[in-house]
Amino acid sequence: MRKKLAAGNWKMNGLKASLTEVEALIAAHPAPACEVLLCPPATLVSAMAALAAGRIAVGGQDCHPKASGAHTGDISAAMLKDAGASHVILGHSERRADHAETDALVCAKSEAALAEGLTAVICVGETEAERDAGATLAVVGRQLAGSVPAQATAATVVIAYEPVWAIGTGRTPTLEQIAEVHDFIRAELVGRFGAEGDGVRLLYGGSVKPANAAEIFAVSNVDGALVGGASLKAADFGAIVAAL
Ligand code: PEP
């Protein structure tokens with residue numbers, strides 16, 4: 001039985017004052033039926049983890065593949081863990097695009113996260129041009145094969161399917177399109193990892209909001225969501241948590 005996961009990605013949003021949203025979220029949903037994870041900017045990981053005190057999980061949005069060293073501006077998995085994180089988002093399409101992250105780099109980062117005991121939330125997803133060209137499954141399959149490390153387990157890796165064209169656009173795939181890709185990801189994971197692959201949680205991400213969350217959560221092999229914009233406000237994210 002895969003435990004459902006509602007994960008929020010605050011991206012480059014949030015100051016200390018934004019932590020009132022976390023207080024409000026926890027107050028409104030003190031005993032959620034699903035696991036709840038928030039990934040604020042690195043500057044807020046420590047304060048959010050202290051505030052959450054284990055009631056929700058806190059994660060980073062990226063980490064360096066190396067444990068330490070001369071990498072100005074970067075942050076290691078050990079640093080995230082030390083700050084109170086239990087998870088880290090890796091290979092988000094914005095990092096793949098803005099920082100030219102390859103599957104091999106995402107895989108190396110994932111290995112670093114796992115070595116520190118962090119759960120890696122590994123993102124995959126096609127661009128609109130790739131979907132229009134009929135290449136969605138080929139792209140997602142290639143990203144999965146290249147980004148997910150060999151030592152992945154159901155407990156240490158979560159996959160987020162995030163069609164790039166659905167992120168922050170208000171557009172979502174049809175439920176049939178989500179099912180097609182999630183069923184494909186499940187089959188790929190089972191093919192590679194056997195029974196362990198059946199336990200890996202698959203999140204859908206891309207313009208999830210209170211109005212569409214319940215219907216997306218009813219889709220086959222959708223074990224939760226990775227939520228961007230709607231995770232910034234306790235009322236919106238709380239409604240998504242409740243739907244899950
Ligand atoms: C995301 O950034 O992972 C995301 C899914 O964003 P949004 O929910 O805003 O589309």
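This report looks at the ligand site and at one helix pair in a predicted model.

The model is predicted, so local features need pLDDT of at least 70 and side-chain atom pairs count only at pLDDT 80 or more, while totals for chains, interfaces and linings use all residues. Residues are numbered from 1 along each chain as its sequence is written, and side-chain values use heavy atoms, with hydrogens and water left out.

**The ligand site**

Let's start with the ligand. Around it are 14 residues, of which Lys11, Glu162, Gly168, Ser207 and Gly228 come nearest; a residue is near if one of its heavy atoms lies within 4 Å. By class, this shell has four nonpolar, eight polar and two charged residues. Here Asp, Glu, Lys and Arg count as charged, Ala, Val, Leu, Ile, Met, Phe, Trp, Tyr, Cys and Pro as nonpolar, and the others, Gly among them, as polar.

| Residue | Part of residue | Distance |
|---|---|---|
| Asn9 | side chain | 3.4 Å |
| His92 | side chain | 2.9 Å |
| Gly228 | backbone | 2.8 Å |

Taken alone, the ligand exposes 290 Å², and the protein buries 95% of that (Shrake-Rupley method, 1.4 Å probe).

**The helix pair**

Now for helices α1 (residues 19–28) and α11 (residues 234–243): their axes come within 9 Å and cross at roughly 35 degrees. Helices are DSSP runs (H or I) of at least four residues, numbered from the N terminus. Axes are lines fitted to C-alpha atoms over the stretch in contact, with angles from 0 to 180 degrees between N-to-C directions.

Glu21, Ala24 and Leu25 of α1 meet Ala234, Phe237 and Gly238 of α11, where contact means heavy atoms within 4.5 Å. These residues divide into four nonpolar, one polar and one charged.

Conventions
Helices (H or I, at least four residues) and strands (E, at least two) are DSSP runs, numbered from the N terminus. A polar contact is a pair of N or O atoms within 3.5 Å; within protein, one must be able to donate a hydrogen and the other to accept it, and residues adjacent in sequence count only if both atoms are side-chain atoms.
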